[in-house]
Amino acid sequence: MGTIRRKLQKSFSFAIEGILYTLKTQPNMRIHFGIGLLAVACGFVFKIENDEWLALVIVIGFVFILEIINTAIETLVDLYTEEYHHLAKVAKDTAAGAVMVAAIMSICVGLIIFLPKIINWFF
């Protein structure tokens, strides 16, 4: 049982290192993280419902996951070649595009949740 626990702890440690690496080295991840924190704070301020929390957590998590995968893909491409290659560009651009799609989706979800509450707050 101790061996399994140590392997599991090591696995979690590596995963946390990957998350921290992405936060430390990727400016866009820091932006996503900050906006995610702001959205969570707004959720508390506006006392959003459980289904709204669910949607918010899912889209924030989705953006984080894709940013981490994007970082992994970019790192692998850079490891493979430092020279320009069209397919390397395609790999990097499509991974970045996936993050952008998720970020746009999260903005839409945020607007659906918060815009009516903001309007009601002022009027």
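Biologist: How do the residues lining the second largest pocket divide into nonpolar, polar and charged?

Modeller: First, a caveat: this is a predicted model, where local features need pLDDT of at least 70, side-chain atom pairs count only at pLDDT 80 or more, and totals for chains, interfaces and linings use all residues. Residues are numbered from 1 along each chain as its sequence is written, and side-chain values use heavy atoms, with hydrogens and water left out. A pocket here is an open set of points on a 1 Å grid over the protein atoms alone, where a 1.4 Å probe fits, with protein on both sides within 12 Å along at least five of seven lines; lining residues have an atom within 4 Å of a point. Counting Ala, Val, Leu, Ile, Met, Phe, Trp, Tyr, Cys and Pro as nonpolar, Asp, Glu, Lys and Arg as charged, and the others, Gly among them, as polar, the lining has 8 nonpolar, 4 polar and 2 charged residues.

Biologist: Which residues are closest to the centre of that second largest pocket?

Modeller: The pocket holds about 200 Å³ of space, taking volume as the space filled by probe spheres set on the points, which are joined across faces, edges and corners. Its lining has 14 residues, and the closest to the centre are Asn 28, His 32, Glu 67, Asn 70 and Val 99.

Biologist: Is His 32 buried or exposed?

Modeller: His 32 sits in helix α2, residues 27-45; helices are DSSP runs (H or I, at least four residues), numbered from the N terminus. The cut-off is under 20% relative accessible area for buried and over 50% for exposed, with partly exposed in between (1.4 Å probe, protein chains only). At a relative accessible area of 16%, His 32 is therefore buried.

Biologist: Which side chain makes a polar contact with the side chain of His 32?

Modeller: A polar contact is a pair of N or O atoms within 3.5 Å; within protein, one must be able to donate a hydrogen and the other to accept it, and residues adjacent in sequence count only if both atoms are side-chain atoms. At 3.2 Å, the partner of His 32 is Glu 67.

Note on methods
Helices (H or I, at least four residues) and strands (E, at least two) are DSSP runs, numbered from the N terminus.
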